[in-house]
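Please look through the structure below with its sequence beside it, and follow the paragraphs one part at a time.

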Amino acid sequence: MKPATTPPTGLVHDPTTTHEFTMQFTSTPRGARLARRLVSHRLHEWGHPYDSTANETVTLIAAELVANAVRHGHVPGRDFHLRLAATPTTLRIDVTDTRTEKRPHRNPRVPSPEEESGRGLLLVSALATDWGITPRTASPGKTVWAVVEPVPPPS
């Protein structure tokens, strides 16, 4: 894991952003686990306690997006990048990987009950206010992002 000096090109930066966390992680299950834990920790530091709906929702979305980056977006020797941003009423997470050809579908198919995987983006779609895929402009890859709103301001 390496702290990012600048976020990947193409990410939306809202001028009302009150908090931002960016970091690069190894594209491994360990990197995904660390990313998920740091998302929850940052949200807690920003006034969204561990047991709050906002923290639990965004942490679950982060877990799904980083797991997909490791499982489907992995390119040997390349890391994935995570950005978490908060405005007074919105939380946004961006996960960027370097695989261009494996883009998730905006309307994921519903897996059969016998299938053991394939429900992650259904969860993201159900929990996020909006989500999508943005191609990277400066280099190969994509960013999968999700927004959760309205988020009650921290007290």
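In helix α3, which spans residues 120-127, the residues Gly120, Leu121 and Val124 are buried, where buried means under 20% relative accessible area, exposed over 50%, and partly exposed in between, with a 1.4 Å probe and protein chains only. Because these residues cover an arc of only 90° around the axis, they lie on the same side of α3, the arc being that of the directions from the helix axis to the C-beta atoms. Helices (H or I, at least four residues) and strands (E, at least two) are DSSP runs, numbered from the N terminus. The cover over the buried residues of α3 includes α2 (53-71), β5 (130-135) and β6 (142-148), with contact taken as heavy atoms within 4.5 Å. This is a predicted model, in which local features need pLDDT of at least 70 and side-chain atom pairs count only at pLDDT 80 or more, while totals for chains, interfaces and linings use all residues. Residues are numbered from 1 along each chain as its sequence is written, and side-chain values use heavy atoms, leaving out hydrogens and water.

Leucine 123 also lies in helix α3, but this leucine is partly exposed, with a relative accessible area of 35%.

Elsewhere, a search of the whole structure finds one aromatic pair. Phenylalanine 25 and phenylalanine 80 form this pair, which is stacked, at 5.5 Å centre to centre and 20° between the planes; rings of Phe, Tyr and Trp (its six-membered ring) pair if their centres lie within 6.5 Å, and planes under 30 degrees apart count as stacked, over 60 as edge-to-face and the rest as tilted. Since phenylalanine 25 lies in strand β2 (residues 19-25) and phenylalanine 80 in strand β3 (residues 80-86), the pair ties together parts that are 55 residues apart in sequence. Both phenylalanine 25 and phenylalanine 80 are buried.
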